[in-house]
Amino acid sequence: MITVKGLRKRFGDAEVLRGIDEHVEQGEKVAIIGPSGSGKSTLLRCLNLLETPSEGEVWFEGVQLTAKNTDVDRLRRKMGMVFQHFNLFPHLTVRKNITLAPVLLGLQTQAEADENAGRLLKRIGLTDKAAEHPGRLSGGQKQRLAIVRSLAMKPDVMLFDEPTSALDPEMVGEVLDLIKELAAEGMTMIMVTHEMGFAREVANRILFMDEGVIVERNTPGELFGRPQSARLRDFLSKVL
Amino acid sequence: MWLELQWRNFSDQFYDNFIKDNRWRYMTNGLVNTLTITVVALALGLAIGFVIAYIRVTHDNTGKLRPFNSIARLYLTVIRGTPALVQLLFIYFVIFANSSLPKILVAALSFGINSGAYIAEIFRGGMMSVDKGQSEAGRSLGLNYGQTMWRIIMPQAVKNALPALGNEFITLLKETSIAGFVAVQELTKGADIIRSRTYNAFMPLTAAAVIYLGIVLILEKLLGALEGRLRRSDHR
């Protein structure tokens, strides 16, 4: 579903990604872990071209995103993204946050989108907040709203960029539960995370990154149970 | 006794300056002209400012619109680098020297072009103050650059820019007083004409000042109410 070939990303003199090759199948749940500054988030953001790769190719559903004439906006509709800092639209109501994109892009009428938003809000228990602005929600509620905002576009893959890192500890659970539900429903997902327990439980494959390369890739059991490289052993000894 | 004398004196002066020969008309006609120039210039300034800010920000974000950006920067440099009065005189006596356009319109055009430069930078500041994550969220949902700009960045930018915009509105209103230099009879000129008839400067100039102040107070109230409404929506 997503293929990355020879991906490199430079910011000025600093090379953040130094040759990434990876392939993600439909239905896979891939977690990316690694120390901060290892390039995890940059890799994720290159997948939907929020960052433009300096070199290499990104393919999504058989189309090369990095090709010159690709309609990236159209492909992004099918790639939901959830950010560390939620990035909800503060000037719109909770409902409008969900319906804006599908209506503006002509995929749904306002009535259809409202109905869909009603279902999504019911799912995350925020039905009574539909007419309020996101400023009034708790961190956990905000992130769950951000997730269903992406779902409203009916994406084929979801990208999570440290979805729980900005949350108070007591709110992490409710967000992870929602992500686990999506995983159980078969959603393809790629997530950058610091929650090792969550990665182990949800992911069927884990990529360990350090200094701009994927150092190890394996099933959770193997990766956590039998780390091959010194760098991964060192990292795990610090975070587990 | 003294008080009565003062009062007689005052009412005589008032009669001379405003009642006699219907001189109050200089003030009311002047006020109408002042407001007309301000409103037309404001609409023009907002339109110009919006377009210029959009060009500047789009160029800085995406590297596109390069030639337009150069024009926009030249415009900003020239307009902000020269006095409004020089611009007014230049537009009136050079550019529109042989035009049959009403002079009040020429003046409004001049003030609009002037104000547009300041409003452009105010808008640009407002757009840059919106968190980068907002446009990333919009783009990641599949909205294109323009849609993201219009529906997500602009509404927040305008709200952020409102205090500075209010400032500019007030400046613009008062700056129209230089339109008298090209023989537009706005409020200040109206007061000055009365002075030249009655040889009394205090009465008409005080009246003009009080009227300006009154309009500014109303404007402040309106802007405050608008700001309050927009801010409330953020927290509800």
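Chain A and chain B bury about 2,100 Å² between them, with carbon and sulfur atoms giving 57% of that area. Keep in mind that this is a predicted model.

**Who takes part in the interface**
- Chain A brings 26 residues to the contact, and chain B brings 22 residues.

**Polar links across the interface**
- You'll find two salt bridges between chain A and chain B.
- In one salt bridge, the side chain of D73(A) meets that of R139(B), at 3.0 Å from N to O.
- Six residue pairs are in polar contact across the interface of chain A and chain B, with both partners at pLDDT 80 or more.

**Chain A's side of the interface**
- Helix 2 (72-76), strand 6 (79-82), helix 3 (94-104) and helix 5 (139-151) of chain A each give two or more residues to the side that touches chain B.
- Helix 3 of chain A gives the most, with four residues.
- By type, the residues on this side of chain A split into twelve nonpolar, eight charged and six polar.

- E216(A) sits in strand 10 (residues 213-218) of chain A.
- The E216(A) side chain reaches the backbone nitrogen of Q228(A) at 3.0 Å.
- E216(A) and Q228(A) are twelve residues apart in sequence, and their C-alpha atoms are 7.7 Å apart in space.
- Beyond its neighbours within four places in sequence, E216(A) is in contact with several residues, including I206(A), F208(A), L223(A), P227(A) and L232(A).

Terms used:
Residues are numbered from 1 along each chain as its sequence is written. Chains are lettered from A and ligands numbered from 1 in the order in which they are written. This is a predicted model: local features need pLDDT of at least 70, side-chain atom pairs count only at pLDDT 80 or more; totals for chains, interfaces and linings use all residues. Side-chain values use heavy atoms; hydrogens and water are left out. Contact means heavy atoms within 4.5 Å. Buried area is the accessible area (1.4 Å probe) that two parts lose on being put together, summed over both. A salt bridge is a side-chain nitrogen of Lys or Arg within 4 Å of a carboxyl oxygen of Asp or Glu. A polar contact is a pair of N or O atoms within 3.5 Å; within protein, one must be able to donate a hydrogen and the other to accept it, and residues adjacent in sequence count only if both atoms are side-chain atoms. Ala, Val, Leu, Ile, Met, Phe, Trp, Tyr, Cys and Pro count as nonpolar, Asp, Glu, Lys and Arg as charged, and the others, Gly among them, as polar.
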